[in-house]
Amino acid sequence: MNELERLRSEIRRLDTEMRELFSARMDAAAQIGTYKRAHDLPVYDAERERENLAALSAGIGDARRRALYREFLQTVMDLAKREQV
């Protein structure tokens, strides 16, 4: 296996792990949606979302990578909101 194949294999392994985590996160989001509907709570909480984005991305020192991670998280949060409806 050459270096490129090895790196692609590592990406595939990580993507497989992320698939499982994504599925678990969507399950949790669906449960939160059920709770929110039962308690007449809004799906979107702008302040909580801002706090989560800041807290979760704070551990990434490289500014470029931190921005990319925030974009990734925002996409996941947007998908979770769709799952909650």
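Tutor: Helices here are DSSP runs of H or I with at least four residues, strands are E runs of at least two, and both are numbered from the N terminus. The model is predicted, so local features need pLDDT of at least 70 and side-chain atom pairs pLDDT 80 or more, while totals for chains, interfaces and linings use all residues. Residues are numbered from 1 along each chain as its sequence is written, and side-chain values use heavy atoms, with hydrogens and water left out.

Student: What makes Arg13 and Glu10 a salt bridge?

Tutor: The rule asks for a side-chain nitrogen of Lys or Arg within 4 Å of a carboxyl oxygen of Asp or Glu. For Arg13 and Glu10 the closest N and O atoms are 2.7 Å apart, and the pair counts. They sit three residues apart in helix 1, which means about one helical turn between them.

Student: And what does Arg13 do with Glu17?

Tutor: Arg13 forms a salt bridge there too, with the closest N and O atoms 2.2 Å apart.

Student: Is Arg13 buried, exposed or partly exposed, and how do you know?

Tutor: Buried means under 20% relative accessible area, exposed means over 50%, and partly exposed is in between (1.4 Å probe, protein chains only). Arg13 has 39%, so it is partly exposed. Glu10 at 31% gets the label partly exposed, and so does Glu17 at 41%.

Student: How do you know what Lys81 and Glu49 form?

Tutor: Their side chains meet N to O at 3.0 Å, which makes a salt bridge. Lys81 is in helix 3 and Glu49 in helix 2 (residues 46–57), so this pair ties together parts 32 residues apart in sequence. Lys81 is buried because its relative accessibility is 17%, and Glu49 is buried at 11%.

Student: Why are helix 1 and helix 3 called oblique?

Tutor: Their axes come within 8 Å and cross at roughly 45°. Under 35 degrees would be roughly parallel, over 145 roughly antiparallel and 65 to 115 roughly perpendicular, with the rest oblique. Helix 1 and helix 3 are therefore oblique to each other. The contact (heavy atoms within 4.5 Å) includes Phe22 and Met26 of helix 1 and Phe72 and Val76 of helix 3.

Technical notes. Axes are lines fitted to C-alpha atoms, for helices over the stretch in contact, and angles run from 0 to 180 degrees between N-to-C directions.
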